[in-house]
Amino acid sequence: MPTRLPARCPDRPDPERRFGDGARGGPVQSSARNVLIGTVTAIIRGSVNARIDLALPGGHKLAAVITERSADEMRLCVGARVHALVKASFVMLAAGADGLAVSACNRVAGTVAARSDGPVNSEITLDIGENTMLVATITTTSAESLGLRPGATATALFKASHVILAIP
């Protein structure tokens, strides 16, 4: 059951794609290809970890599992705006919009906007709506066998523990 949270978050500036000053000193940049801006909709606390549910633009939902300590230090609360970072190599893709029966709780459907092939891997960019892109790096063989070409529908799948949260 979600924990009771403050009705309102402390005032914070709206995040942009670039991070502001980090708590551990100076501006922060990331190598994660996916930086999604979301709003916290629920916090479910456990004994060690907390699940943070987010609403993304376009009606997508996302879950992140972080430590209780991190949730407390970040002063997360319902309504807070956060950055969700996901490495492209953590994202699996399935052809079509119908999800498979898998344990990954993050499932985001979109349309292939671009595909860049290398000899080993392909970078697939999904347009998930509201000017938001999600990038996955998969083998070129998989991209071919799934028919992931611009215009095709695909679903991105990734674990909640692969989502890193940051605040501006």
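Start by selecting Asn-106, which touches Lys-61, Leu-62, Ala-63, Ala-156, Leu-157, Phe-158, Lys-159, Ala-160 and Val-163, leaving aside residues up to four places away in sequence; contact here means heavy atoms within 4.5 Å. Before going on, note that this is a predicted model, where local features need pLDDT of at least 70, side-chain atom pairs count only at pLDDT 80 or more, and totals for chains, interfaces and linings use all residues. Residues are numbered from 1 along each chain as its sequence is written, and side-chain values use heavy atoms, with hydrogens and water left out.

Is Asn-106 buried or exposed? With 1% relative accessibility, Asn-106 counts as buried (under 20% relative accessible area; exposed is over 50%, partly exposed in between, with a 1.4 Å probe and protein chains only). Its side chain reaches the backbone nitrogen of Ala-63 at 2.7 Å.

Now colour strand β6, residues 106–117, where Asn-106 is found (strands are DSSP runs of E, at least two residues, numbered from the N terminus). β6 pairs antiparallel with β7, residues 121–127, over six bridges (pairing takes at least two DSSP bridges between two strands). Look for Val-112 opposite Leu-126 and Ser-116 opposite Glu-123.

Finally, zoom out to the open, antiparallel five-stranded sheet, ordered β5-β9-β6-β7-β8. β5 (92–95) and β8 (133–139) stand at the edges with a single partner strand each, so one side of each has no neighbour in the sheet.

Key: Helices (H or I, at least four residues) and strands (E, at least two) are DSSP runs, numbered from the N terminus. A polar contact is a pair of N or O atoms within 3.5 Å; within protein, one must be able to donate a hydrogen and the other to accept it, and residues adjacent in sequence count only if both atoms are side-chain atoms.
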